[in-house]
Amino acid sequence: MIWYLLKLLVLLPLIGALAWASLKFARRMEGRFGRSDGRRTVRVVETQMLSPTLRLAVLEFQGREILVSASKTGLVPLAEGPARQPPEAPCPPASAKFDATGPHDAG
């Protein structure tokens, strides 16, 4: 009986740690496997979990953004619209001095 409890105390946390690590690894690898030429037809713009079994996702497909609901039963399209333009890069601060040789200190 003691041998069984000892094995249980050692193996149960080990199995839990392996399950947690595999979920973290799967999360990190999600989206890294696609077409080999680097182009993708569908891009996941954003996801939001609503409940353990329900998730909202915004997909970009052929210049359109599609809001879908993802659950165990499948995907349900909810809304569609034109793709948003990416935000422009911020301008450098006006205090920075630039010339042909690069940035210089103001002092």
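User: Happy to look at this one with you! What is the volume of the largest pocket?

Analyst: Good place to start. This is a predicted model, where local features need pLDDT of at least 70, side-chain atom pairs count only at pLDDT 80 or more, and totals for chains, interfaces and linings use all residues. Residues are numbered from 1 along each chain as its sequence is written, and side-chain values use heavy atoms, with hydrogens and water left out. A pocket is an open set of points on a 1 Å grid over the protein atoms alone, where a 1.4 Å probe fits, with protein on both sides within 12 Å along at least five of seven lines; lining residues have an atom within 4 Å of a point. Taking the space filled by probe spheres set on the points, joined across faces, edges and corners, the largest pocket comes to about 230 Å³.

User: Which element gives the most to the lining of the largest pocket?

Analyst: Strands are DSSP runs (E, at least two residues), numbered from the N terminus. Two elements give two or more residues to the lining, β1 (42–51) and β2 (54–61). The one that gives the most, with 4 residues, is β1.

User: Which residue forms a salt bridge with Arg-43?

Analyst: A salt bridge needs a side-chain nitrogen of Lys or Arg within 4 Å of a carboxyl oxygen of Asp or Glu. Here the closest N and O atoms are 2.5 Å apart. The pair ties together parts that are 17 residues apart in sequence, because Arg-43 lies in strand β1 and its partner in strand β2. That partner is Glu-60.
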